[in-house]
Every structure is written in structure tokens, then in C-alpha cells.
Amino acid sequence: MTLTPFSFSSLDHLFMAHALRLAGRAAYTTKPNPMVGCVIAHGEEVVGEGWHQRAGEPHAEIHALQAAGERARGATAYVTLEPCAHTGRTGPCADALVAAGVSRVVAAMRDPFPQVAGQGFERLRAAGIAVECGLVETQARQLNRGYLSRIERGRPWVRVKLATSLDGRTALANGESKWISGEASRLDVQHWRACSGAILTGAGTVLADDPQLTVRLGDDTPFVPPLRVVLDPGLATVGRGRVREGDAPTLYIHAPDAKPPRGLSAQVASVPAPGGRFDLNAVLRLLAERHQVNEVQLEAGATLAGAFLQAGLVDELLLYVAPIVLGARARPLFDGLEINSMAERLDLSLVESRQLGADTRLLLRPSAG
């Protein structure tokens, strides 16, 4: 479905920017649903606003319409994603907008979810409502990059989190790594975890570091606990470790020939692992299809991080650089990368740089082309 380019006013931009900010308030709670914000306005006056707060609860448009009441009639609704046109755990938002009598709907982007995919716009237009789409679409796609990755690519958005010294080392030769980064960086990681649908690690990390892989925000901020995923071909770690403690669910992904022990309380799933190495594409497809994971945060050692990077499955790198030097014998950021010439190098683009205490946080993404 090709949409005609529209000319948007400064007021349109102002209200859509506000709708995007509203949507972002639920970054920890909407998964697996997308984050959506809605603003309803008469001219320069906002008469209603809302955001989708949690899967299974009312969508952004419903909150905004309830706030606007009768003043929604004849108003413009600004929404960051195409209004839904199907009945799931809630009713169609397109029908609610029609019933409320709005005269115009401005959407940041079309929803690629097959049960929507332009049908929401069609319902609105059929009811005589003016529909305009594409306002700040780039920002809207960035907000829901995980959801869009799952729907459009069939796999989650993959973020690799690593703490490193200035000389690119993540641990001493004996594996000691506590603590490379400072307290501010470690707290910042918790916010990225809270945004994730799953935190993924390998059996080696469980055995060496005994991580809990839970979200610890230190306040009463609500969040949906991410799924903890351990890649363990032979299920060597199921009887040990803190990764099964607490309220967050745990999933062990194993090779097809491994037999889960009886009475195991955690979830298990098998994925092809030829030669003892997992098919990482299959791992991501399983997380998307069976568990509806939008974003994966990989917190693992150099071998698994390198395997994801070598496979072209890393969408962004979250790198905490501490002002320390660990030396040549210490462990590298990535292992197993077969780069033999400068032409084969992996180029990254810097998205953001931020100072966190003494550390520098870098957000990088693979360069296109």
C-alpha cells in the first residue's frame, strides 16, 4: 500500500513529538506489544492524550479518547502507529476513533503486523476520516525497532552489552571481571535490561560468573521481567546457578540430543547445534515466534559475542569503556572473528556517546553497505 506524501504543519510536528514521548513512557511494560502514544487536539488545544501501558490493557487511542470525551468529535488524533483494525485482547482502535467522531488521523507510520497492515487506515477512510501517514516515521521506527524487527524480519533486535578496558579487554586471563565498569554504568545496564524481552547468555558465562540476569532498578518503576535465556548444548548448567532464582522466567536452549532432567522447573527448547555450535538464526527465530521477544540483550563472553557478530546478527553494540588498561593477556571483546584483511573489517557507526561517572558509554551499530 503506497501512501501519498503529505505536508505537515509545525503544529502537527509538535503534537506528534508529544505522542512519541508519551509512547516512550511504557518502554519497560508494553512488550511484546509496540509502544504507542496518542494526542487528540482541536487546533492548538490538546483535549486528550494517552499511551499504551501494558499488553492486554487499553491502547493509546482508547486512553486519549476517554480523556477527551465529547471533545474528540471533529478533532485530530495524532498516533505514533497505525490504529489497529482487529480484535485481540482489546477491540479495534480504528472503530473507536470512528465512533468518537474524529475528523482527521495523523499517524507516524503504518503497522506491518499482518492483522493491521493498512486495514486500520482503510476503516478510517471508509468512515470519511482524513488519514495522513509518515510524520516523523524515522523516529517512530526507532522507538519500536524491536517490535518491527520481530514482525518484519522474523527475529528480535539484538543488542550486545559489553564492558571493556581502554585496550579492548573484558576480563583478566583468569576470567576475573568484577568490576571493569563503575556503579553508574552498572545501574544504566539495568534500564537497558528492563527494555529487553530477553537477556541471553551462554553456559560458559553461567559457570564462570554465576549471573542472575535480572532487572534491578532500585525503585518502584514497573517493568515486565525479561526472559532469561541460556544457550547450553548439553544442559550442563541446569542444576546450578542464580539464573533460575527470582521471579523472572528462564529458558534453556539445548542441542536436540540433550535430554532435559525430570522435574526441571525452567522452560527448555531444542535448536540445531551442528558441531556443538548453535544455529543462531534458529535461536532468534524461536525467541520471536514462540516467546514474542522483540529485543534481545546479549550478555556473554567473547566467544558467543563474536559468533553473533560473525553471523551478522548484531544490530547494536552497547559498550561501556572504563579508563583502565588490562594488558595483552586479558580476554578480548570478541573471539572467533575471521578477519584477514582491512577489506573484511566490520565498520561500526557511533549512534551516541555518553559519560557515566568515569566510564564512557558508546552505542554503535553496524554501518550500512
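This is a predicted model: local features need pLDDT of at least 70, side-chain atom pairs count only at pLDDT 80 or more; totals for chains, interfaces and linings use all residues.

Biologist: Let's start with Glu-61. What does the record say about Glu-61?

Modeller: UniProt places the feature "active site" at Glu-61, in an unreviewed entry. In the model, Glu-61 lies in helix H2, residues 60-68.

Biologist: Why is Glu-61 called buried?

Modeller: Buried means under 20% relative accessible area. Glu-61 has 3%, so Glu-61 is buried.

Biologist: Which residues does Glu-61 touch?

Modeller: Leaving out residues up to four places away in sequence, Glu-61 touches Cys-38, Val-79, Leu-81, Pro-83, Cys-93 and Leu-97. Contact there means heavy atoms within 4.5 Å.

Biologist: And what about Thr-80: buried or exposed?

Modeller: The cut-off for buried is under 20%. Thr-80 comes out at 2%, so Thr-80 counts as buried. Thr-80 sits in the loop between E3 and helix H3 (93-100). Its contacts, again without residues up to four places away in sequence, include Met-16, Leu-20, Met-35, Ala-108 and Ala-140.

Biologist: What makes the pair Gly-37 and Thr-80 a polar contact?

Modeller: A pair of N or O atoms has to lie within 3.5 Å, and one must be able to donate a hydrogen and the other to accept it. The backbone nitrogen of Gly-37 lies 3.1 Å from a polar atom of the Thr-80 side chain.

Biologist: Now helix H3. How do you know that the buried residues of H3 line one face?

Modeller: The buried residues of H3 are Cys-93, Ala-94, Leu-97 and Ala-100. Looking down the axis of H3, these buried residues fall within an arc of 130°, so they line one face of the helix. Their cover includes H2, E3, E4 and helix H4 (119-126). Just after H3, Gly-101 takes a positive phi of about 80°.

Biologist: On to the sheets. What is the strand order in the sheet of 5 strands?

Modeller: The order is E2-E1-E3-E4-E5, in an open sheet. Neighbouring strands of this sheet are turned by 15° against each other on average, direction ignored.

Biologist: Why are E2 and E5 said to stand at the edges?

Modeller: Strand E2 (45-51) and strand E5 (130-133) each have a single partner strand, so one side of each is left without a neighbour in the sheet.

Biologist: Which way do the side chains of E3 point?

Modeller: Thr-76 and Tyr-78 point one way, Ala-77 and Val-79 the other way, and all are buried. In a regular strand the side chains alternate between the two faces of the sheet.

Biologist: Which strands does helix H1 lie across?

Modeller: Helix H1 (10-24) lies across E1, E2, E3 and E4, running at about 145° to E1. H4 lies across E4 and E5, at about 150° to E5.

Biologist: What about the sheet of 9 strands?

Modeller: That open sheet is ordered E11-E10-E9-E8-E12-E6-E13-E16-E15, with mixed pairing. Strands E11 (267-270) and E15 (348-356) are its edge strands, as each pairs on one side only.

Biologist: What makes E6 a partner of E12?

Modeller: Pairing takes at least two bridges, and E6 and E12 have 4, running parallel. Trp-157 has Glu-295 as its bridge partner there. E8 and E12 are joined by 3 bridges, also parallel, and Leu-200 is partnered with Leu-298. In E12, Glu-295 and Gln-297 point one way and Val-296 and Leu-298 the other way, and all are buried.

Definitions and conventions:
Residues are numbered from 1 along each chain as its sequence is written. Side-chain values use heavy atoms; hydrogens and water are left out. Helices (H or I, at least four residues) and strands (E, at least two) are DSSP runs, numbered from the N terminus. UniProt positions are given in the numbering used here, feature names are shortened, and annotations may be inferred rather than shown by experiment. Buried means under 20% relative accessible area, exposed over 50%, partly exposed in between (1.4 Å probe, protein chains only). The arc is that of the directions from the helix axis to the C-beta atoms. Axes are lines fitted to C-alpha atoms, for helices over the stretch in contact, and angles run from 0 to 180 degrees between N-to-C directions.
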